Amino acid sequence: MAAIADLDRIYPTFDEIPDEFRLESPLEQTDYLLDGEIRHWQGPVQKVHSPVCIVEPDGLARHYIGSFPLMGQTEALAALDAAVHAYDNGRGLWPTMPVAKRIEHVQEFAWRMKEQRDRVVKLLMWEIGKSLTDSRKEFDRTLDYIKDTIDALKDLDRVSSRFVFEQGIIGQIRRAPLGVALCMGPYNYPLNETFTTLIPALIMGNTVVLKPPRHGILLFQPLLEAFRAAFPAGVVNTLYGAGRSVTPPLMASGKVDILAFIGSSKAGDVLQKTHPKPHRLRVTLGLEAKNPAIILPDADLGLAVDECIAGCLSFNGQRCTAIKIIFVHEKVAERFLQLFSAAIGALKSGMPWKPGVAITPLPEEDKPGYLGELVANAVQQGAQVINEGGGSVNGSFFYPALVYPVNEHMRLYHEEQFGPVVPVLPFADPETPIRYMVDSPYGQQVSLFGRDASSLAALIDPLVNQVCRVNINSQCQRGPDIFPFTGRKDSAVGTLSVSDALRAFSIRTLVAAKDQDVNKELLSTIVRERRSNFLSTDFIL
Ligand code: G3H
């Protein structure tokens with residue numbers, strides 16, 4: 001097959017990289033944002049190599065694309081202090097600013113961010129190997145998320161711009177910030193998922209320490225000036241370095257009020273436990289998942305294969321919402337595997353800028369080896385790699401492997417592979433996949449494929465209590481962003497949608513008074529003379 005035959009020639013020489021996609025030079029990123037100033041780091045740095053390898057005279061090498069500051073505890077605490085100072089126990093400029101003004105700052109940031117689209121998209125491609133199309137989508141979706149967040153906050157604020165009269169009490173109820181947020185996104189959506197917590201945290205009046213993920217750091221550099229110019233000093237502070245060195249001191253200080261983290265439950269648990277007063281900590285976590293697809297005997301197999309290909313292999317399977325295990329009814333298993341195998345063969349492999357490319361190199365250095373181990377473990381125990389060339393490796397590139405039949409003794413049954421390996425199991429009784437989900441430590445989503453209403457309904461009812469989204473005849477996914485995105489068990493803490501996120505990063509607080517003339521007069525004066533930003537009936541149009 002053409003796709004696999006080209007594997008040896010998948011990487012370019014430097015001269016073969018199209019001009020428009022080349023990085024002019026490595027980005028030696030020494031800038032960081034602290035307390036409203038862009039500072040220049042002079043300490044140790046971490047070199048960044050792209051998942052994209054280059055053919056060099058002496059062999060293949062991951063392309064060197066730049067470096068970032070390797071900060072330590074001192075710098076971490078300085079970033080935290082700046083955020084604490086800007087919050088000033090809720091008395092700072094930002095947390096007390098009228099909502100309409102905060103919205104203006106966020107809008108200004110969005111305008112400035114938009115100007116950096118090409119630079120950020122290029123860095124996304126080079127840093128994490130995401131295709132050009134998907135990198136552009138990630139950027140544009142993030143801008144849409146900012147716009148939708150602003151609209152949702154306006155709605156929320158309009159509802160709060162009135163007094164409530166109840167049982168002899170007059171009250172005005174609003175949502176207020178919580179304090180300092182530590183925002184950390186994942187490497188697979190370093191921009192989008194970081195911003196889905198950063199933006200709601202900011203717009204609700206919290207101040208932020210932003211720690212980019214392990215891969216996908218340089219792409220924040222073009223945004224530093226936008227952060228600096230759009231927000232008051234100390235409202236956004238950036239922190240770089242190894243998570244294990246810089247984040248524990250932040251949490252141990254007890255000064256972080258919100259932990260917004262997308263990554264592994266192991267790391268999330270450690271961070272949470274490091275806080276001396278966990279009851280003071282608001283936590284929003286996006287964690288592991290092993291979303292199953294269940295193919296019923298009457299499923300439209302063409303559709304099921306298309307959706308499962310997208311679900312399993314978009315961005316090489318590196319999505320928390322990816323379909324990571326497929327249960328196929330034994331009556332249609334053979335046909336499903338044939339179609340799936342052919343569909344993998346039709347996917348384009350190559351460098352992220354190649355038009356129509358689906359499978360690209362992987363950013364984590366140890367990932368091809370890890371995926372190879374999972375496949376070998378399954379094969380040792382009786383499974384086969386069904387598709388031609390499945391599991392072949394060239395440098396950072398891993399060709400997708402369709403593995404069948406997988407069973408409970410294999411690592412692929414249990415581990416979240418987060419890469420282009422597709423484990424498939426046959427089943428005769430729908431109780432088999434239901435049992436899998438009941439026993440699974442994860443509970444994010446499931447995809448059901450079938451045409452019979454009663455068979456689907458018989459699965460929907462038990463499964464809505466196992467996961468937080470049941471997809472019918474379509475892949476698992478987070479969007480649209482106004483839908484709630486969450487999970488049960490070890491898959492998530494808290495819910496993120498555009499409007500839920502505003503709630504996650506704020507707390508309801510109210511001003512109340514007895515319904516007496518003297519109080520009414522007082523409240524009227526405060527509102528009429530605009531003496532308070534909180535107590536106000538201003539309506540944002
Ligand atoms: O990695 C997890 C992402 O939230 C998935 O989002 O389903 O839109 O790709 P997505």
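Ten residues form the ligand's surroundings: Arg-141, Asn-188, Tyr-189, Glu-193, Arg-319, Cys-320, Thr-321, Gln-477, Arg-478 and Phe-485. Here a residue is near a molecule if one of its heavy atoms lies within 4 Å of it. The model is predicted: local features need pLDDT of at least 70, side-chain atom pairs count only at pLDDT 80 or more, and totals for chains, interfaces and linings use all residues. Residues are numbered from 1 along each chain as its sequence is written, and side-chain values use heavy atoms, with hydrogens and water left out.

The shell around the ligand splits into three nonpolar, three polar and four charged residues. In this scheme Ala, Val, Leu, Ile, Met, Phe, Trp, Tyr, Cys and Pro are nonpolar, Asp, Glu, Lys and Arg are charged, and the others, Gly among them, are polar. Domain 1 (15-83 + 107-156 + 178-286) and domain 2 (291-481) each supply at least three residues. Their bounds come from an automatic or database domain assignment.

Now the polar contacts (pairs of N or O atoms within 3.5 Å). A polar side-chain atom of Glu-193 lies 2.3 Å from a ligand oxygen. For Thr-321, a polar side-chain atom is 2.7 Å from an oxygen atom of the ligand. Arg-478 uses its backbone: a polar atom there is 2.7 Å from a ligand oxygen. On its own the ligand has 300 Å² of accessible area (Shrake-Rupley method, 1.4 Å probe), and the protein covers 95% of that.

Turn to the backbone. The peptide bond from Gly-479 to Pro-480 is cis, with omega near -10°. Pro-480 sits in the loop between strand 24 (469-472) and strand 25 (488-489). Helices (H or I, at least four residues) and strands (E, at least two) are DSSP runs, numbered from the N terminus.

Another cis bond joins Tyr-404 to Pro-405, with omega near -15°. Pro-405 belongs to the loop between strand 20 (401-404) and helix 14 (411-414). Phe-418 is not a glycine, yet its phi is positive, at about 50°.

Conventions: Polar contact = N/O pair within 3.5 Å; in protein donor to acceptor, adjacent residues only side chain to side chain.
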